[in-house]
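Reader: I have a model open and want to go through its side-chain packing. Can we start with the rings?

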Amino acid sequence: MSSSDAIADIHNTPSSARLYGMSLGGKDWYEVDRRFALQSLPHFPGIVDIARDNRLFLYRLVRHLAAEAGIRQFLDMGCGLPTNNNVHQVAAEFGPGSRVVYVDNDPTVLSYGRALMAEDDTTAFVAADFRDQDRILSDPGVKRLIDFGEPVAVLWLSVGHHLLDDMDPRGLLRHIVDDVAVPGSHLAFTQIVTADAAIRAAMDEQANTNGMPWRTRSPGEVDELLSGLTPVEPGLVNIKDWRPDPSQPPLPPVPADLERFLGASAHFPGHEYGGLLRKDA
C-alpha cells in the first residue's frame with residue numbers, strides 16, 4: 001500500500017482505537033469515526049459507558065499490580081490512543097521504577113503514541129500487530145525494558161473482541177504468560193460480552209462489514225479462553241464490579257454528539273467482562 005493509499009484508508013475506515021478514544025473524551029478522531037458511532041450507537045447504546053468503564057478499570061488494575069502485587073514491568077497489547085492516566089503514569093505513581101512497553105499498529109496510535117507515551121527511558125512503543133509476538137518479543141524496546149526472568153503483567157484491555165476465532169485467540173492471549181513469563185506473572189483481559197446471541201451476531205456484523213475485525217463473546221466463552229490461570233479476586237466479572245473505587249480520578253467529558261448515550265448501559269444487555277489472572281506455576 002502506498003503512503004497516499006494508507007492516508008486515504010485512515011480517513012475512510014473507522015478505527016476502533018479512535019472510536020474508543022472518542023468515548024473517553026479524546027479529540028483524535030475523524031468524521032468517518034463520528035459517522036460510524038452515530039450510526040451504530042442507537043443499536044448498541046451501551047458502548048460509550050462500556051468504553052469508559054474499561055478505562056476506569058485500567059487505573060484500578062495497574063494500581064493493584066504496582067502497589068499490591070509488586071509488578072514493575074508491563075506489556076500493553078493494543079494500547080490505543082494515549083489519554084489521561086496511561087499505564088506508565090499509573091504504574092510510576094504506585095510503583096516507582098516501573099517499566100512499560102506499549103504495542104499497537106493503528107496508524108493514528110503510531111503517530112501520537114511515540115510522542116506522548118515514550119516519555120523517558122522506562123517507556124517504549126512497539127509498532128506491531130499484537131498477533132506477531134515473535135516480532136514483539138525481539139523488539140529492542142522489549143529486550144531493553146522487559147526481563148522475562150521477573151514477573152511481568154501482560155495487558156489485553158478491550159481488545160479481546162478483535163481476536164477472531166480463526167486467529168487462535170487462546171494461543172495469542174496465553175503465549176507470553178504461559179510459555180515465556182515466570183510464575184508470579186499476570187494476564188489482564190477485558191472484552192465486550194453479552195449472553196444474547198442475536199446481539200452478538202448484530203454487533204459482529206456491524207463492525208466486520210465496516211472493516212473492524214470483531215467477535216463478541218459470551219462470558220462463558222471468555223472463561224474458556226482464560227481457564228488454567230488463577231483469577232485474582234473478585235475474579236472475572238463485569239469490570240464495573242472489579243474493586244470499584246468512586247474516588248478514583250474521573251475521565252474527561254465525551255463529545256457533545258455522544259452525551260445522550262451516557263448511562264445507556266443500564267438498559268443494554270452487554271458489558272465489558274474480564275479481570276486479572278495470575279500464573280502460579
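Reader: Which residue lies over the face of Trp242?
Author: Arg243, at 5.0 Å from the ring centre. Keep in mind that this is a predicted model.

Reader: OK. How many aromatic pairs are there?
Author: The count comes to three. One of them is Phe57 with Trp242, an edge-to-face pair with 5.4 Å centre to centre and 85 degrees between the planes.

Reader: Which parts does the pair of Phe57 and Trp242 tie together?
Author: Phe57 belongs to helix α4 (residues 47-67), while Trp242 is in the loop between β7 (237-238) and β8 (271-278), so the pair links parts that are 185 residues apart in sequence.

Reader: Are Phe57 and Trp242 buried or exposed?
Author: Both are buried.

Reader: And Phe130 with Trp156, why is that pair edge-to-face?
Author: Because the planes of the two rings are at 65 degrees, with the centres 5.2 Å apart; the cut-off for edge-to-face is over 60 degrees. Phe130 sits in the loop between β3 (123-127) and α7 (133-137) and Trp156 in strand β4 (residues 153-156), so here the parts tied together are 26 residues apart in sequence.

Reader: Why does Trp156 count as buried?
Author: Its relative accessibility is 1%, and buried means under 20%. Phe130 counts as buried too, at 14%.

Reader: What is Trp156 in contact with, leaving aside its neighbours within four places in sequence?
Author: The list includes Met77, Phe130, Gln133, Leu163, Leu172 and Phe189. Trp156 is also among the residues with the most contacts inside the largest nonpolar core, along with Met77, Val101, Val142, Val154 and Leu226. That core has 34 residues.

Reader: Which helix gives the most to this core?
Author: Helix α9 (residues 169-180), with four residues. Another core lies apart from it and has 28 residues, among them Leu81, Val109, Leu157 and Val237.

Reader: Switching to strands. How many residues of β1 (residues 73-77) are buried?
Author: Five of its five. Gln73, Leu75 and Met77 are on one side, with Phe74 and Asp76 on the other, and both faces are covered.

Reader: What does β1 pair with?
Author: With strand β2 (residues 99-104), through five bridges, and the two run parallel. Leu75 has Val101 as its bridge partner there.

Reader: Last one: which residues of helix α3 (residues 31-40) are buried?
Author: Val32, Asp33, Phe36, Ala37 and Ser40. They span an arc of only 135 degrees around the axis, so they are on the same side of α3.

Definitions and conventions. Residues are numbered from 1 along each chain as its sequence is written. This is a predicted model: local features need pLDDT of at least 70, side-chain atom pairs count only at pLDDT 80 or more; totals for chains, interfaces and linings use all residues. Side-chain values use heavy atoms; hydrogens and water are left out. Buried means under 20% relative accessible area, exposed over 50%, partly exposed in between (1.4 Å probe, protein chains only). The arc is that of the directions from the helix axis to the C-beta atoms. Rings of Phe, Tyr and Trp (its six-membered ring) pair if their centres lie within 6.5 Å; planes under 30 degrees apart count as stacked, over 60 as edge-to-face and the rest as tilted. A charge sits over a ring if NZ of Lys or CZ of Arg is within 6 Å of the ring centre and within 35 degrees of the ring normal. A nonpolar core is a set of buried Ala, Val, Leu, Ile, Met, Phe, Trp, Tyr and Cys residues joined through side-chain atoms within 4.5 Å. Contact means heavy atoms within 4.5 Å. Two strands pair if DSSP finds at least two bridges between them.
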